[in-house]
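Q: I have a model open on my screen and would like to learn how to read its features. Could you walk me through them?

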Amino acid sequence: MSAVTLGNAAAKDAASSPDDGALQPITTLRGWLDHLAARDRLAIMRPGLALRFELAAISKRLDGHKATFFPRPNGHAIPVVSNLVSDRGWLAEAMGVPPSQLLDAFQKASLSPLPWREVASAPAQELVHRNIELERLLPLPTHNEHDSGPYITAGLIITRNPRTGVQNVAIIRCQLSGPNRLGLCVLQRHTHFYLDLAEQAGEPLPVAIAIGVDPLTLLASQAIVPIDRDELEIAGALHRKPLDVVKCKTSELRVPAEAEIVIEGHFLPHVREPEGPFGEFPQYYGERGDRQVVEVDLVTHRKNPIFHTITGGGLEHLMLGGIPREATLLAHLKRNFPNVLDVHLSKGGMCRYHLYVQIKKRYEGEAKNIMMGAFAGHYDVKHVIVVNDDVDIHNPAEVEWAVATRSRGDRDVLIVSDAQGSRLDPTTIDGVGAKMGIDATTPLDAPPMRYKRIRIPGEDDVDLDRVVAAVPGSDWRRNVGL
Ligand SMILES: Cc1cc2nc3c(=O)[nH]c(=O)nc-3n(C[C@H](O)[C@H](O)[C@H](O)COP(=O)(O)O)c2cc1C
Ligand SMILES: [Mn+2]
């Protein structure tokens, strides 16, 4: 069995085990750490490890296996956690659904947001700091060799449309640029749009950065939904109950009441300062450039807060981006192609660039239409491989086998030049690159035995405990009479 299959099977067991509180979704970071610890998936480190490189190095070594908890990093009173959601099965557990329903459940929540509930006082505001010196106040790690310095990488960037008051949530990397100054790399999405509106009016844009939230709220921040949808309402839908929020001390922004730490500040209109380089998800550095600046006004946190960091390009980063994209692409493709059964953005493609599509093939040529649909579904999708329903798309070796034995380069490849791609893909020029699709489905009119997969009768039903004798190794000959 492949590692992928094993992971899913383990997750299925855990999700259906009776101690899971009847599959209730996880709603706090601390609740999630309890859940992981109870399953031996939380590695507690020795106190006092280094914030510069060491913490990220250890997290990377345990990536995909264990979440990491670092008490007193560099002697700092606030501990750091990482690797919170480095497996899709873990995310399904956090949602309280079987892994097979992960995408459907996420898509449903995205389409049926639940308005938040405001509370008057919140754990996130137990302590208040003014006169901010961020590096002293928070344990800020430095991850990769050429990163420009310490970063906040797991902060929910919450802003408000200055015209309508509707909130937006995104995760945006924040470089420590000064005692109370952060450099943010804001791509052309919703936060950028609100910032444009504020800058046109010559106004600062208030921002809150919530650190240390539950995995479902993190995932909700990555939902691919239209502008002016508050992603905190999607978090509520994933929790199956309204998210408690509290009003910020210095603005009208509402932040998750259960957050560990909240930084309140404002984007300085028309100010751009150097930010980067920073190790990004494609396993390369995002380059240094002049980017947006936030001045911090105040920090609130719990009495004994936990700081969360996401290692750039680690599985946590990939999963958080990948699952919402898969959910959106699956729904998008199914609208026109009801025979699309499942999609998967593979880890090798950083859960963004390589899409595997599993179909129940009906017509010749359809695979190429599906590829074009997928390219149109999200500009990050670069290579699409379409396979039959007997191929396990969560196992890259199976997909490679389908390409090896069911596709021909002269007939089954579609190439599109000069299309919009990911700016972080180093083969693109200003984000313009190429797309490729491979039809690795079998021809409908193939003779019946040509693509018949070999199979040994009874293979799936073998009970190894029954048939393997417990023979001591060195005595094996004597035991079988040789
Ligand atoms: C760990 C992590 C780091 C990210 N860093 C950035 C970033 O620095 N800049 C950015 O624009 N998007 C970044 N993203 C992607 C955005 O958070 C994501 O596209 C989000 O859905 C955008 O929200 P919006 O659609 O409301 O604009 C990051 C995502 C993750 C998971
Ligand atoms: Mn948004």
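The dialogue below takes up the pocket, the metal site, the aromatic rings and the backbone in turn.

Q: What should I know before I start?
A: This is a predicted model, in which local features need pLDDT of at least 70 and side-chain atom pairs count only at pLDDT 80 or more, while totals for chains, interfaces and linings use all residues. Residues are numbered from 1 along each chain as its sequence is written, chains are lettered from A and ligands numbered from 1 in the order in which they are written, and side-chain values use heavy atoms, with hydrogens and water left out.

Q: How much space lies in the largest pocket?
A: Rolling a probe the size of a water molecule over the atoms shows where empty space is left. On a 1 Å grid over the protein atoms alone, a pocket is an open set of points where a 1.4 Å probe fits, with protein on both sides within 12 Å along at least five of seven lines. Its volume is the space filled by probe spheres set on the points, which are joined across faces, edges and corners. Here the largest pocket holds about 1600 Å³.

Q: Which residues line the largest pocket?
A: Lining residues have an atom within 4 Å of a point. There are 49 of them, and Cys185, Leu187, Phe281, Tyr379 and Leu424 lie nearest the centre. Elements that give two or more residues to this lining include helix H7 (190-200) and helix H10 (315-336); helices are DSSP runs (H or I, at least four residues) and strands likewise (E, at least two), numbered from the N terminus.

Q: Which residues coordinate the manganese ion (ligand 2)?
A: Donors are N, O and S atoms within 2.8 Å of the metal (3.2 Å for Na, K and Ca); water is not among the atoms, so sites may look incomplete. In this model Asn168 (OD1), His190 (ND1) and Glu231 (OE) coordinate the manganese ion at 2.1 to 2.2 Å. Histidine 190 in helix H7 and glutamate 231 in helix H9 (residues 231-239) are 41 residues apart. Histidine 190 and glutamate 231 are both buried (buried means under 20% relative accessible area, exposed over 50%, partly exposed in between, with a 1.4 Å probe and protein chains only).

Q: How many aromatic pairs does the structure hold?
A: A pair of aromatic rings is described by the distance of the centres and the angle of the planes. Rings of Phe, Tyr and Trp (its six-membered ring) pair if their centres lie within 6.5 Å; planes under 30 degrees apart count as stacked, over 60 as edge-to-face and the rest as tilted. The structure holds 2 such pairs. Tyrosine 151 and phenylalanine 278 form a tilted one, 4.2 Å centre to centre with 40° between the planes. Tyrosine 151 is in strand E6 (residues 151-152) and phenylalanine 278 in strand E15 (residues 278-279), 127 residues apart.

Q: Why is the pair of phenylalanine 281 and tyrosine 353 edge-to-face?
A: Their planes meet at 70°, with the ring centres 5.9 Å apart, so the pair is edge-to-face. Both phenylalanine 281 and tyrosine 353 are buried.

Q: Where is the cis peptide bond?
A: The bond from glycine 276 to proline 277 is cis, with omega near 0°. Proline 277 lies in the loop between strand E14 (261-275) and E15.

Q: Is aspartate 40 buried or exposed?
A: Aspartate 40 counts as exposed, at 55% relative accessibility. Although not a glycine, aspartate 40 has a positive phi of about 55°. Cysteine 351 also has a positive phi, near 55°, but cysteine 351 is buried, with a relative accessible area of 3%.
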